[in-house]
Amino acid sequence: MNDVLRGLLEQSTTLSVEEIILHIVSSALISIAIYVSYWFTHTGTAYSKKFNVSLVTLTILTATVMTVIGNNIALSLGMVGALSIVRFRTAIKDSRDTTYIFWTIIVGICCGVGDYIVAGVGTFTVFIVLLITGRVRNENRILLIVKGSRNNEMNIESAVFEYFDKKALLRVKNSTHDTIEFIFEMSRKTYNLSYKRSKSIVETLYDLGQIEYVNIVTQNDEISG
């Protein structure tokens, strides 16, 4: 048993300079595809150039670590222990950013152990999938916020539901002794239909009288950086 453990601990991989260069360069080349994919699918407020550059460097660093570790179990355990003390607190802006982080790590691991075909085919497949679906955006929702006299409660609700053909959803109703506030939610498509009317929803509501304010807010799930 001791001989087996000693053999595992002493096991190591000797790579030539050419192999080491090939591992690192291949990871750098494939990381360019990741960079292009992130840049193309994240144009807009959520795009972070610094994060995109970090994806490239993370790929190369992961490949470097895997090249160093090789089959040396003792070194791999030491590396895991050393990296375990690092605590990452970078906020993820977009749920897709997690996909890119895993993508870079997997490519780095594949290149670090010399599985270039796996890294290349996997990268090509993910690139095509993100190319097709990457620009999908959540539909913006419109919030209509109305505050007026509590005596006008029924008139406000009726006016909004009639104006948007009952497609506006009442999400919040806040009231005091004298005032009442409504928050209606609707899709962008429903709101755009209001442009075909001769009178806007704002004018329609103010015509009721005793309206303190009318706010229209665009809401979505994208986080600007």
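This passage walks through a predicted model of one protein chain, from its overall layout to a few individual residues. Residues are numbered from 1 along the chain as its sequence is written, and side-chain values use heavy atoms, with hydrogens and water left out. Because the model is predicted, local features need pLDDT of at least 70 and side-chain atom pairs count only at pLDDT 80 or more, while totals for chains, interfaces and linings use all residues.

The chain holds nine helices and four strands, where helices (H or I, at least four residues) and strands (E, at least two) are DSSP runs numbered from the N terminus. Their order along the sequence is α-α-α-α-α-α-β-α-β-β-α-α-β. Of the 225 residues, 30% are buried; here buried means under 20% relative accessible area, exposed over 50%, and partly exposed in between, with a 1.4 Å probe and protein chains only. The accessible surface, from the Shrake-Rupley method with a 1.4 Å probe, comes to about 14,100 Å², and carbon and sulfur atoms contribute 62% of that area. A contact means heavy atoms within 4.5 Å. Among contacts with a separation of 6 or more, 75% join residues 24 or more positions apart.

How do two packed helices get described? By the angle between their axes and the distance between the axes. The axes of H2 and H6 come within 10 Å and cross at roughly 5°, so H2 is roughly parallel to H6. Axes are lines fitted to C-alpha atoms, for helices over the stretch in contact, with angles running from 0 to 180 degrees between N-to-C directions. Angles under 35 degrees count as roughly parallel, over 145 as roughly antiparallel, 65 to 115 as roughly perpendicular and the rest as oblique. Residues of H2 that meet H6 include Leu-22, Ile-30, Val-36 and Phe-40, and their partners in H6 include Tyr-116, Phe-127 and Leu-131.

Helix H5 (residues 95-112) is another of the packing partners. Its 18 residues reach 27 Å from first C-alpha to last, close to the 26 Å expected at 1.5 Å a residue. Tyr-100, Trp-103, Val-107 and Cys-111 are among the buried residues of H5, and the buried residues of H5 pack against helix H2 (17-41), helix H3 (49-69) and helix H6 (116-133). Just after H5, Gly-114 takes a positive phi of about 90°.

Rings of Phe, Tyr and Trp (its six-membered ring) pair if their centres lie within 6.5 Å, and planes under 30 degrees apart count as stacked, over 60 as edge-to-face and the rest as tilted. The whole structure has seven aromatic pairs. One of them is the tilted pair of Tyr-38 and Phe-51, at 5.3 Å centre to centre and 50° between the planes. Tyr-38 lies in helix H2 and Phe-51 in helix H3, so this pair ties together parts that are 13 residues apart in sequence. Tyr-38 is buried, with a relative accessible area of 0%, and Phe-51 counts as buried at 17%. The rings of Tyr-38 and Tyr-100 have centres 5.0 Å apart and planes at 85°, so this pair is edge-to-face. The second pair links distant parts of the chain, with Tyr-38 in helix H2 and Tyr-100 in helix H5, 62 residues apart. Ring pairs join Tyr-38, Phe-51, Tyr-100 and Trp-103 into a cluster.

Elsewhere, Glu-212 lies in strand E4 (residues 211-219) and is partly exposed at 49% relative accessibility. The C-alpha atoms of Glu-212 and Gly-148 are separated by 4.9 Å, although the two residues are 64 residues apart along the chain. Leaving aside neighbours within four places in sequence, Glu-212 is in contact with Lys-147, Gly-148, Thr-179 and Tyr-206.

Finally, most residues other than glycine have a negative phi. Asp-165 has a positive phi, near 55°, and Lys-166 has a positive phi near 65°. Asp-165 lies in the loop between helix H7 (153-163) and strand E2 (169-175), and Lys-166 is found in the loop between H7 and E2. Asp-165 is exposed at 52% relative accessible area, and Lys-166 is exposed at 72%.

Methods
Expected span 1.5 Å × (residues − 1).
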